[in-house]
Amino acid sequence: MMSDTSLPANRGGKVLVTGGTGFLGAYIIKGLLEKGYQVRAIRRTKKLPGFIEPRLLEKVEWVEGDVLDVMALEDAMDGVDKIIHSAATVSFLKKERTQMYQVNVDGTANVVNAALTQNIKRLVHISSVAALGRTANGGKVDEEKKWEDSKVNTHYARSKFKAELEVWRGIAEGLNAVILNPSTILGYGDWNSSSSAIFKRIYQGFKWYTPGINGFVDVEDVARAALLMLENEISAERFIVNGDNWAFKKLQETIADGLGKSRPSKAATPFLLGIAWRLEKIKSMLNKSRPLLTRESAKVACSQTYFDNTKILKALPGFSFTPLEETIQKACEKYLNTAR
């Protein structure tokens, strides 16, 4: 149920962040620290995100482990008041599918179970608009959309949908939780991974654009939304977090302009994309590298889906989204400084 958000819940205490070394997780940690929270974060690797100031990351209580380790999760929640669960695997590769389902579905189930056991006061689950599902004919999607098993849905989407079911199950068992569904996240991060890779691809002279339309959002906007949801009393609700809906062509042209590169000029039709992902598969097998395009990511690139952000704007008075032009320009400047 939704309740008045004019009076935030008590701020303070210790917050656990899963996926703290990831793109979004790192910005969530930054926001928490800047607001004066104590932060504990789970990490699988000793490497910390280079796009966040080291002085901030030094304030984090880092815990070795992952969401598939039940004992480590319960230990990590000891003395914690609230959790932001942002750990997830995003992959469109068949060979990584089993691991993705384990992390996204089983990992979320473990977080929910441990939160119930440890009497955690609040859980913010970072899902994805993918969990709402796409339709073959595109169209507008809001929070009321019912999941439909469709060929246009990727396995990543299915894993996030099943992960949400675990959160709803936890809510039914008494967990105070809310779900956020970000669209494709943009900003300054590690351009060798996640959605940040599109900046590097265009910087390197990628010439093709796809016919799809998709939702995009600033990474810092998603982090701000997560913190605001952590502090209010809204429970048992989901919210789309989407800055705007753009054609991929417009996105790629804006990034190219920001990086001082030539705009992509070749239209990649569904037929050409079908050829491209097959060639990428062969190339990756020969070079033992990750393909730039897969059959599943080609589906997304052709889909024309609009995501409605009305609900979250009504729920969070005063909250607004950063214009995508501003997000991209700021990110491009930082990427250029890093590349030099």
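Buried means under 20% relative accessible area, exposed means over 50%, and partly exposed lies in between, with a 1.4 Å probe and protein chains only. The model is predicted: local features need pLDDT of at least 70, side-chain atom pairs count only at pLDDT 80 or more, and totals for chains, interfaces and linings use all residues. Residues are numbered from 1 along each chain as its sequence is written, and side-chain values use heavy atoms, with hydrogens and water left out.

**Exercise 1. The surroundings of Thr 18**

Task: Determine whether Thr 18 is buried or exposed, and state which residues Thr 18 touches.

Solution. 
Step 1. Thr 18 belongs to strand β1, residues 14-18. Helices (H or I, at least four residues) and strands (E, at least two) are DSSP runs, numbered from the N terminus.
Step 2. The relative accessible area of Thr 18 is 1%, so this residue is buried.
Step 3. Contact means heavy atoms within 4.5 Å. Not counting residues up to four places away in sequence, Thr 18 touches Ile 42, Val 67, Ile 84, His 85, Ser 86 and Ala 87.
Step 4. With the side chain of His 85, the side chain of Thr 18 makes a polar contact of 2.7 Å. A polar contact is a pair of N or O atoms within 3.5 Å; within protein, one must be able to donate a hydrogen and the other to accept it, and residues adjacent in sequence count only if both atoms are side-chain atoms.

**Exercise 2. Strand β1 and its sheet**

Task: Explain why β1 is described as largely enclosed by the rest of the structure, and find the order of strands in the open sheet of seven strands.

Solution. 
Step 1. Five of the five residues of β1 are buried, so the strand is largely enclosed by the rest of the structure.
Step 2. In a regular strand the side chains alternate between the two faces of the sheet. On one side of β1 stand Lys 14, Leu 16 and Thr 18, and on the other Val 15 and Val 17; all are buried.
Step 3. Four bridges pair β1 with strand β2 (residues 38-43) in the parallel sense. Two strands pair if DSSP finds at least two bridges between them. Ala 41 in β2 is the bridge partner of Val 17.
Step 4. The open sheet of seven strands has the order β3-β2-β1-β4-β5-β7-β11, with parallel pairing. Its edge strands, β3 (61-64) and β11 (238-241), each pair on one side only. From one strand to the next, the twist averages 20 degrees. Axes are lines fitted to C-alpha atoms, for helices over the stretch in contact, and angles run from 0 to 180 degrees between N-to-C directions.

**Exercise 3. Helix α5**

Solution. 
Step 1. The expected span of a helix is 1.5 Å times one less than its number of residues.
Step 2. Strands β5 (residues 122-126) and β7 (residues 177-182) run parallel and are joined by four bridges. Leu 123 has Ala 177 in β7 as its bridge partner.
Step 3. Buried residues of α5 include His 155, Tyr 156 and Ile 171. Lys 162 also lies in α5, but counts as partly exposed because its relative accessibility is 41%.
Step 4. Leaving aside neighbours within four places in sequence, Lys 162 is in contact with Tyr 101 and Val 105. The C-alpha atoms of Lys 162 and Asn 104 are separated by 8.2 Å, although these residues are 58 apart along the chain.
Step 5. After α5 comes Gly 174, with a positive phi near 110 degrees.

**Exercise 4. Helix α4**

Task: State where α4 bends, and which residue just after α4 takes a positive phi.

Solution. 
Step 1. Helix α4 (residues 97-117) has 21 residues and reaches 29 Å from its first C-alpha to its last, close to the expected 30 Å.
Step 2. At Gly 107, α4 bends by about 25 degrees. The bend at a residue is the angle between axes fitted to the seven residues ending there and the seven starting there.
Step 3. Just after α4, Asn 119 has a positive phi of about 55 degrees.
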